[in-house]
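Reader: I would like to know how the terms used for a structure follow from its values. Please show me one.

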Amino acid sequence: MTERVWNYKATAGRVAGVDLTGFKVEATDGGIGKVDAHSDEVDDAYLVVDTGGWIFGKEVLLPADTVVSIDPEEEKVFLDLTRGQVKDAPEFRRDEHLDHPGYHRELGLHYDVGVPFGGGRPV
């Protein structure tokens with residue numbers, strides 16, 4: 001794998017400084033919610049998505065590598081995941097999991113992207 005899971009793909013169209021908060025998030029088979037928070041930090045980029053009523057208000061953490069493209073004009077983020085993959089992700093609790101390397105590893109395994117580690121931090 002040439003791209004790292006906690007970084008955006010070069011082809012995703014991520015423009016530094018563009019706030020993704022509020023953007024709609026689209027899986028390959030339909031919408032899943034809106035971006036509630038995001039990080040663009042190198043080796044720790046992700047989206048926190050509020051799924052609203054779709055999964056009973058559950059939030060999910062998505063590694064940046066799952067983003068296929070971003071459309072700033074339409075305010076949409078497109079993923080290479082299905083709704084089922086997102087729905088079945090390990091439970092995300094923001095106060096516990098946001099910076100937890102073990103959770104990042106578990107999430108990477110769920111999305112079958114593998115999570116290489118260096119120095120205890122997800123990369």
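Author: Two strands count as paired if DSSP finds at least two bridges between them. In this predicted model, K34 has D50 in strand 3 as its bridge partner.

Reader: What makes strand 2 and strand 3 a pair?

Author: The requirement is at least two bridges. Strand 2 and strand 3 are joined by 5 bridges and run antiparallel, so they pair under that definition. They form a hairpin with 6 residues between them. In the turn, D43 has a positive phi of about 65°.

Reader: How do you know that strand 3 pairs with strand 4?

Author: By the count of bridges again: 5 join strand 3 to strand 4 (residues 59-63), and these strands run antiparallel. Y46 stands opposite P63 in strand 4.

Reader: Why is strand 3 called largely enclosed?

Author: Buried means under 20% relative accessible area. In strand 3 (residues 46-50), 4 of the 5 residues are buried, so the strand is largely enclosed by the rest of the structure.

Reader: Why is S39 called buried?

Author: S39 has a relative accessibility of 6%. The cut-off is under 20%, so S39 counts as buried. S39 lies in strand 2 (residues 30-39).

Reader: What makes the approach of the S39 side chain to D44 a polar contact?

Author: The side chain of S39 reaches the backbone oxygen of D44 at 3.0 Å. The limit for a pair of N or O atoms is 3.5 Å, so this pair is within it.

Reader: Which residues is S39 in contact with, leaving aside its neighbours within four places in sequence?

Author: They are Y8, D44, A45 and Y46.

Notes:
Residues numbered from 1 in each chain as written. Predicted model: local features only at pLDDT ≥ 70, side-chain atom pairs only at ≥ 80, totals over all residues. Heavy atoms only, no water. Helix = DSSP H or I, 4+ residues; strand = E, 2+ residues; numbered from the N terminus. Buried < 20%, exposed > 50% of the residue type's maximum accessible area, 1.4 Å probe, protein only. Polar contact = N/O pair within 3.5 Å; in protein donor to acceptor, adjacent residues only side chain to side chain. Contact = heavy atoms within 4.5 Å.
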